[in-house]
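Hi,

Here is the structure I said I would pass on. Have a look at it first, and then read my notes below.

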Amino acid sequence: MAKAKFRMVHTAFWNDPTVSEEMTPEDKYFFLYLLTNEHTTQIGIYGISKKQMAFETGYSIESINALMQRFIDHHKLVRYNAETREMAVKNWGKYNFNKGGKPVLDCVKSELQHVKDITLIPYVAECIFNEPVKGIYDTYYDSLHDTSTTRGQEEEKEKEEEEEEQQEKEQQEKESAPPSSQVVAVVNPFNFYAQNGFGLTMNDITRQKILAWCDDLSDELVVHAMQIAIERNCVSWSYAEGILKKWHGKSVKTLQDVDALVAQFEAQQSRKNCSHGNQRTENVPEWFDKRQQEKQQKPPVNNEPIDFEAERAKVLAKLGGA
């Protein structure tokens, strides 16, 4: 039986000026989710993908991106490493380190060892007022922070620039795509699954499969595969997954790739139909024509039956007359 986890949110949360004056109801809900979801750890740094956030909150990926941007740039309450998929909550220590003790300190030491982006450690440590706990954060970060960090920051900046360029490119593709493709892009795959009869409930295996396909291909393609299953009256996840496997095998990455694949298939079918429709003509040799002409020039053969008795009577009449 899994051990229960508890996260503390002090009642003063609702009196915080940032929460009460600057946050919308949607912001407050999202902030509580970031503080209490099942992926949280004791240290305030935990792994979670945007697709998981979308599934668990019921928001679309676009809404999650907008909320994340508000919390990073406007409220300045979280940091998120898109590469390592790690979330860091700035005020974590304010709500969760009111009490300490050896079990808590041991847990903090253990969980800090699994942090991939170590620059998130001092970010959370800034708002920890429990000195023994803060000391572990500072010591752990200092032991890993060396001259290579500068280079790491430069590489991170380069990656951020590349990601921004990629996002701009994807946005341009979305804007130039047909309206139907843009509609599919805003659909949450999990909501689409539930709302279109693929199942009343979703087990963990199916959920993980959908997440994996969204990562390998995209949300749009997962939804599009389910749409095709509906159009073919095969409303089942296994059928939709079969379509995704075929696309993956043909290196399909976007809806435009799907359209190109369909166009290629239709062109092949069209060429095949044309080849069957054309009648085959052969050159007839000259000798065959001559033979046919000779047959036509010969007198017709009388195929009527001969009356032998009548012929015999004619012969006898001639002999008698003679």
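**Helix 14 and its neighbours**

Let's start where helix 12 meets helix 14: Thr206, Lys209, Ile210 and Trp213 in helix 12 touch Trp237, Glu241, Leu244, Lys245 and His248 in helix 14. Contact here means heavy atoms within 4.5 Å, and helices (H or I, at least four residues) and strands (E, at least two) are DSSP runs, numbered from the N terminus. Sorted by class, the residues of this contact are four nonpolar, two polar and three charged. For those classes, Ala, Val, Leu, Ile, Met, Phe, Trp, Tyr, Cys and Pro are nonpolar, Asp, Glu, Lys and Arg are charged, and the others, Gly among them, are polar.

Before going on, a word on what you are looking at. This is a predicted model, where local features need pLDDT of at least 70 and side-chain atom pairs count only at pLDDT 80 or more, while totals for chains, interfaces and linings use all residues. Residues are numbered from 1 along each chain as its sequence is written, and side-chain values use heavy atoms, with hydrogens and water left out.

Back to the pair. Helix 12 (residues 204–216) packs against helix 14 (residues 237–249) at an angle of about 25°, and their axes are 12 Å apart. Axes are lines fitted to C-alpha atoms, for helices over the stretch in contact, and angles run from 0 to 180 degrees between N-to-C directions. So helix 12 is roughly parallel to helix 14; angles under 35 degrees count as roughly parallel, over 145 as roughly antiparallel, 65 to 115 as roughly perpendicular and the rest as oblique.

Helix 14 also packs with helix 13 (residues 219–231), at an angle of about 125° and with the axes 8 Å apart. That makes helix 13 oblique to helix 14. From helix 13, Leu221, Val222, His224, Ala225, Met226, Ile228 and Ala229 take part, and they meet Trp237, Tyr239, Ala240, Ile243, Leu244 and Trp247 in helix 14. This contact has twelve nonpolar residues, one polar and no charged.

Strand 3 (residues 86–89) is joined to strand 1 by three bridges, and Tyr46 has Met87 in strand 3 as its bridge partner.

Gln42 sits in the loop between helix 2 and strand 1. Is Gln42 buried or exposed? Gln42 is buried, with a relative accessible area of 18%, given that buried means under 20%, exposed over 50% and partly exposed in between (1.4 Å probe, protein chains only). Leaving aside residues up to four places away in sequence, Gln42 touches several residues, including Arg7, Trp92, Phe97 and Tyr137.

In helix 3 (residues 50–57), the buried residues are Lys51, Gln52, Met53, Ala54 and Thr57. Just after helix 3 comes Gly58, with a positive phi of about 85°.

As for the protein chain as a whole, it has 17 helices and three strands, and buried residues make up 33% of its 322 residues.

Terms used:
Pairing = 2+ DSSP bridges.
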